[in-house]
Amino acid sequence: MTFTSLASSSHGNAYIVDDGQTRLLLECGLSFRRLKQLAGFGASGMDAVLVSHEHRDHSRCAAELVRAGLPVYMSEGTADALELDGAEIITDRGQFLVGTIDVVPFRTFHDAAEPLGFLLRSGVDGEVLVMATDTVSLAYRFPGVSVLALEANYDSAILSRCERMPDKVRRRITNSHMEIDTLCDYLRTLDLSNCREIWLLHLSDATSHELHFIHKVQRVVPPWCKVAACPKGG
Ligand SMILES: [Zn+2]
């Protein structure tokens, strides 16, 4: 199962998971036109779209994707917040199948109506991928994971040096996004014996440092895990 980032920032998020038989778009926080350019829609197609929550940088072209006839999966809270008819409604731990990929949504912790992360298991290669972004923390351990794609939004030390940042903005970051040390502490608790890739998502423009984040994560995971930050792109 492969994970590809098309865009990963507060300006837009879109990722592709592909196991050779089923191709999923995770998040659609770009203009439809830009998404089609980046993903090569039409030529290779998508089987379904999964949307974690209603914020525009994750859901921007959801309505167009529904109109284009793609199954677009999201929680009821997300669909209501987007005032979107025609979405496929999913629930926390309500397992479902898209082609050869088994999907288990799980709750995340963010200032959104009903945000979700996703555990994906491929029936083709048996690999497990977990994707969660825009969440202060994670409530579940994921055994046997092959690929992790998790938010690494900010560094509290960098944030504390942003003196001109309004308190409201600062509170919003700390109450709704993942701090790099929170991620590292979480990774320490996982069995990563099967994990080959860790992708860091949604690095903040002002309060992250890509290389520093990669090094921090590398120090707490086994040496066989490749660690990379998704390009902001989009
Ligand atoms: Zn968000």
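What percentage of the 234 residues of the protein chain count as buried? The share is 44%, where a residue is buried if 20 or more other C-beta atoms, placed from the backbone, lie within 10 Å of its own, exposed if 12 or fewer do, and partly exposed in between. This is a predicted model, in which local features need pLDDT of at least 70 and side-chain atom pairs count only at pLDDT 80 or more, while totals for chains, interfaces and linings use all residues. Residues are numbered from 1 along each chain as its sequence is written.

Figure 1. Helices (H or I, at least four residues) and strands (E, at least two) are DSSP runs, numbered from the N terminus. Along the principal axes, the C-alpha atoms fill a box of roughly 45 × 40 × 30 Å.

**Figure 2. An open sheet of six strands in the order S1-S2-S3-S4-S5-S6, with mixed pairing.** Strands S1 (2-9) and S6 (88-90) are at the edges with a single partner strand each, so one side of each has no neighbour in the sheet. Two strands pair if DSSP finds at least two bridges between them. Strands S4 (residues 48-50) and S5 (residues 72-75) are joined by two bridges in the parallel sense; Leu-50 has Tyr-73 in S5 as its bridge partner.

**Figure 3. The largest nonpolar core, with 61 residues.** Such a core is a set of buried Ala, Val, Leu, Ile, Met, Phe, Trp, Tyr and Cys residues joined through C-beta atoms within 7 Å. Strand S10 (residues 128-132) gives the most to this core, with five residues. Cys-28 and Val-49 are among the residues with the most contacts inside the core. Beyond four places in sequence, the contacts of Cys-28 (C-beta atoms, placed from the backbone, within 7 Å) include Ala-14, Leu-35, Val-49 and Cys-61.

**Figure 4. Ser-176 in helix H6 (residues 167-176).** Ser-176 is partly exposed, because 18 other C-beta atoms lie within 10 Å. Leaving aside neighbours within four places in sequence, Ser-176 is in contact with His-110, Asp-111, Asp-134 and Val-136. Val-136 is 40 residues from Ser-176 in sequence, yet their C-alpha atoms are 5.1 Å apart.

Conventions. Two residues are in contact if their C-beta atoms, placed from the backbone, lie within 7 Å.
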